[in-house]
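Trainee: Could we go through the labels attached to this model and ask, for each of them, on what grounds it was given?

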Amino acid sequence: MNINLVHNKEAASIENYENILTTEINKIAPNICTNIAIHNTLNYLTGDDLGMLIGKMRHGGTISIVSSDVMELAGALYLGHINTQQFSSFVVDNKAQYSVIDIKNFFESNGYVVESANVDNLHFNLKAKRP
């Protein structure tokens, strides 16, 4: 099963992935997912949600994440590269903020192998695999 984790029903689909709402993670059976995509949805998840989500992954499965990076956002705000209105557009209505370092540490501490992790402008991309 391939899952595209989304925050609302109007979110774009990914071919060969089933859209699942962030509020419905608990409805996914354990160890069933081959791939999970979390694209611009990570900030709608708490740490507990992330913990529950990784329990849905099969051995050999991968999770790919694209998300705003709170450290990059804070730096851009501080340096004047973005204004407070732009900053707010990234953080309003979110449950949590994360950096690539936070997420990399989370996956590694849970036994996942981080295959790639990089920051691009105000966002990060990360791919982790469950051994």
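Mentor: Let us begin with Asn121, which sits in the loop between S5 and S6 of what is a predicted model.

Trainee: Why is Asn121 called exposed?

Mentor: The relative accessible area of Asn121 is 63%, and exposed means over 50%, so Asn121 is exposed. Its phi is near 65°, a positive value in a residue other than glycine, whereas most residues other than glycine have a negative phi.

Trainee: Which loop holds Asp93, and what makes Asp93 exposed?

Mentor: Asp93 is found in the loop between helix H3 (84-91) and H4, and because its relative accessible area is 66%, where the limit for exposed is over 50%, Asp93 is exposed. Phi of Asp93 is near 70°, again positive in a residue other than glycine.

Trainee: What makes Ser67 a buried residue?

Mentor: Ser67, which belongs to strand S4 (residues 57-68), has a relative accessible area of 0%, and buried means under 20%, so Ser67 is buried. Leaving out residues up to four places away in sequence, Ser67 touches Asn40, Leu42, Asn43, Leu122, His123 and Phe124.

Trainee: Why is the link between the side chains of Ser67 and Asn43 called a polar contact?

Mentor: The two side chains are joined at 3.1 Å, and a polar contact requires N or O atoms within 3.5 Å, one able to donate a hydrogen and the other to accept it, so the pair of Ser67 and Asn43 is given that label.

Trainee: How do you know that the aromatic pair of Phe106 and Phe107 is edge-to-face?

Mentor: The structure holds 2 aromatic pairs, and in the one formed by Phe106 and Phe107 the rings are 5.3 Å apart centre to centre, with 75° between the planes. Ring pairs link Phe106, Phe107 and Tyr112 into a cluster.

Trainee: What makes the buried residues of H4 line one face of the helix?

Mentor: The buried residues of H4 are Val100, Ile103, Phe106 and Phe107, and seen down the axis of H4 they fall within an arc of 130°, so they line one face of the helix. They pack against H1, S4, strand S5 (113-120) and S6, while the face of H4 turned away from this buried side carries the exposed residues Ile101 and Ser109.

Trainee: Which residues touch the most other members of the largest nonpolar core?

Mentor: That core has 27 residues, and those with the most contacts to other members are Leu42, Ile63, Ile65, Ile103, Phe107 and Leu126. The largest share of the core, 4 residues, comes from H4.

Trainee: Why is the pair of Lys104 and Glu108 called a salt bridge?

Mentor: The closest N and O atoms of Lys104 and Glu108 are 2.8 Å apart, and the limit is 4 Å, so the pair qualifies as a salt bridge. Both residues lie in helix H4, 4 residues apart, about one turn of the helix. Lys104, at 32% relative accessibility, counts as partly exposed, and Glu108 is likewise partly exposed, with a relative accessible area of 37%.

Methods. Residues numbered from 1 in each chain as written. Predicted model: local features only at pLDDT ≥ 70, side-chain atom pairs only at ≥ 80, totals over all residues. Heavy atoms only, no water. Helix = DSSP H or I, 4+ residues; strand = E, 2+ residues; numbered from the N terminus. Buried < 20%, exposed > 50% of the residue type's maximum accessible area, 1.4 Å probe, protein only. Contact = heavy atoms within 4.5 Å. Phe/Tyr/Trp six-rings, centres within 6.5 Å; stacked < 30°, edge-to-face > 60°. Core = buried A, V, L, I, M, F, W, Y, C linked by side-chain atoms within 4.5 Å. Arc of directions from axis to C-beta. Salt bridge = Lys/Arg side-chain N within 4 Å of Asp/Glu carboxyl O.
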